[in-house]
Amino acid sequence: MLILILTLLAVLLAVVFALLARRGDPNTVIAEREGQTLKRGTGFNMAAIISVLIAVFLFASTSYVVVGPNETGHLRRIYGGSDLPTGKIIAIDGQKGPQADVLGPGFHFIPFVNVLYQAEQLDLVTVPNGSYGRLVAKDGLALPSGVFMAPAIPDDKVAGMLDGRTFLTTGGFRGAQETVLKPGVYRLNRYLFDVEINNRTVASIVPAGFVGVIKSNVAAPGVACREEKVQTADTSDAIVVPVVPSGCVGIWRSVLLPGAYYLNHQAYEMTQVDTRVQTWEYKGGFRKRIIDLSVDDQGRIRQVERFVEQPTPKEAADQAIFVKIEGWDIPVELRVVVQVPPENAPVVVGGVGGLEQIEDRILTPTIRSIVRNVAGSSIRVPVRNASGELAPGQFQTRPTRVLDLIDNRDALESTIEQQIRIEGRKAGIEIKEVRMGEPSIPPELLVSRLREQLAEQLSRAYSRETEAQKVRLDTEAARARADQQREFVAAQIGVQVAEQRQKERQLLGQAERGYLEELAKGQNAQANVLGQDRVAYLQALEKVLATLEKKPELVTLVGRLVPNTVVTGGGDGLAGAAALLSGALTGAGAPARNASGAR
């Protein structure tokens, strides 16, 4: 303000001096010093010029603003202007206070701008990628009744509406704006708009395999909003949820597909619903008893009992389900495959809140109840004949047995799946599959079956081992026969030779017997003619001669035999020959005998 006063004073002095210069005699000497004279007209002109220069300098130094390239110039009027109307914050027609117009980068000449206004350079508004800027207008029209947020500005008009003068003169509303600033750089009037950019203004991302269900707190102008009640199953106990078209207040019937959306979180609440196939497991949480069977070297079956803790995994939906069958409490593990159809996502969100809430509040208690009821009541199983074969097309319904968890698991799974599927559809969820895990059946009920199977397997093993030993013996015998084939052939030939010899000897014996018989007949005839003694001598003589023929060396003994033998006359002619032969046979040292046998 001081500069303005000085500027005005300098201008006033310049005018005064100019007037004086015109009215006075220019030749009048007004001062004389050291031989120099100062004329009146010349002095007034010089004073006027100096005053003008001072006024120009003061005016120029207060009439410009320089705005940097990354800044926005804001003006707040202090002097010279009317007061703002009541309730207004931003001046449009030069009133005192924050001005609607802002200054861009560069040099700006505005008369006495630094005197009448307070100039301020503020940074540009930068919205990073993945975020949005939330706007709050400090001035504008009052919001209509029942509306807590200014309606969204169409995208093609956002740039114009961000200009302060345009916003205030074309119907912009005061307060929170549904319109948000998408990633980019903006030159805003910060006196008019507050911008919030933080971790609460992050873009809404719908990943692949999900859909976004929108609950809107605002209504778009010109949209016909009509509430519709939707349920996923045609039953009286199915979940019913009211939905509305897009752009209305409430849960939208349509969903957001995977992508990035810059939604004002104050205006819209988005819930992500996983539409991928989910697997819920009910397992662990019990102590499993096991009886192990083993076979020693003697073929005796031994059994040992042990315990194994079955913890519940962190990713499991819940613990195993305990069912009571035939008085036994049996933990049954279950695996349920589910999926939320995208068209049912609004019903899921509106009815319960989300997939986890449906799992915890609705389906898990329902699944436990269904499994207990099915396993503990009756079961429909195929009929088997006396031989254990299935009878085609024949079924029977009977109380469930413990071993049905193993023998008729398919029937139990099918029944459980049908009932759970009905309950899932009521909540807007499709049950794709239900599978039972390995049941923890009391080992006492399995030992007899296992021992029977083990004994049967041992019997088969022993039978096969016996067959193998027989084959081994046959192989060894064949190998031994092959090794002894030469001796075997030689033995066969020897048997054949022995048989031939036996036949030969038999024939020889028969011939010898015939010969002896004929010989005996001849000897009898000879004995009848010659007498018994003479026949005996002849036979002895023949044997001696035969012996001499085979052993000629006996002839040398004759010389020693002659001197010791005396043959005398008397008797028949054979007596002498017999005596000689007898002497030869009895040896040379025998006493001599005469023909009559005397010594």
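# Exercises on strands and salt bridges

Two bridges join strand E14 (residues 210-216) to strand E17, and the two strands run antiparallel. Strands here are DSSP runs of E, at least two residues long, and helices are runs of H or I, at least four residues long, both numbered from the N terminus. Two strands pair if DSSP finds at least two bridges between them.

This is a predicted model: local features need pLDDT of at least 70, side-chain atom pairs count only at pLDDT 80 or more, and totals for chains, interfaces and linings use all residues. Residues are numbered from 1 along each chain as its sequence is written, and side-chain values use heavy atoms, with hydrogens and water left out.

## Exercise 1

Solution. Step two: look for strands with a single partner. Step three: check one residue pair. Serine 216 faces glycine 250 of E17.

## Exercise 2

Describe the sheet with the order E5-E4-E7.

Solution. Step one: this is an open sheet of three strands, with antiparallel pairing. Step two: strands E5 (97-103) and E7 (117-123) are the edges, each pairing on one side only. Step three: from one strand to the next, the twist averages 30°; the axes are lines fitted to C-alpha atoms, with angles from 0 to 180 degrees between N-to-C directions. Step four: seven bridges connect E4 (residues 71-77) with E7. Histidine 74 has glutamate 120 of E7 as its bridge partner.

## Exercise 3

Solution. A salt bridge puts a side-chain nitrogen of Lys or Arg within 4 Å of a carboxyl oxygen of Asp or Glu. Step one: the partner of glutamate 305 is arginine 289, with the closest N and O atoms 2.9 Å apart. Glutamate 305 sits in E22 (residues 301-310) and arginine 289 in E21 (residues 286-295), 16 residues apart. Step three: check exposure (buried is under 20% relative accessible area, exposed over 50%, partly exposed in between, with a 1.4 Å probe and protein chains only). Glutamate 305 is partly exposed at 43%. Arginine 289 is partly exposed at 27%.

## Exercise 4

Trace the salt bridge between glutamate 413 and arginine 435.

Solution. Step one: the N to O distance is 3.8 Å. Step two: glutamate 413 lies in helix H9 (residues 409-426) and arginine 435 in strand E28 (residues 430-436), so the pair ties together parts 22 residues apart in sequence. Step three: glutamate 413 is buried at 6%, whereas arginine 435 is partly exposed at 31%. Step four: widen the view. A network of salt bridges links Arg335, Glu413, Glu417, Arg421, Glu433 and Arg435. The structure holds 24 salt bridges.

## Exercise 5

Is threonine 179 buried or exposed, and what does threonine 179 contact?

Solution. Step one: threonine 179 belongs to strand E10 (residues 175-181). Step two: threonine 179 is buried, at 8% relative accessible area. Step three: the side chain of threonine 179 reaches the backbone nitrogen of isoleucine 153 at 2.6 Å. Step four: list the contacts (heavy atoms within 4.5 Å). Beyond neighbours within four places in sequence, threonine 179 contacts Leu135, Pro151, Ala152, Ile153 and Val158.

Key:
Polar contact = N/O pair within 3.5 Å; in protein donor to acceptor, adjacent residues only side chain to side chain.
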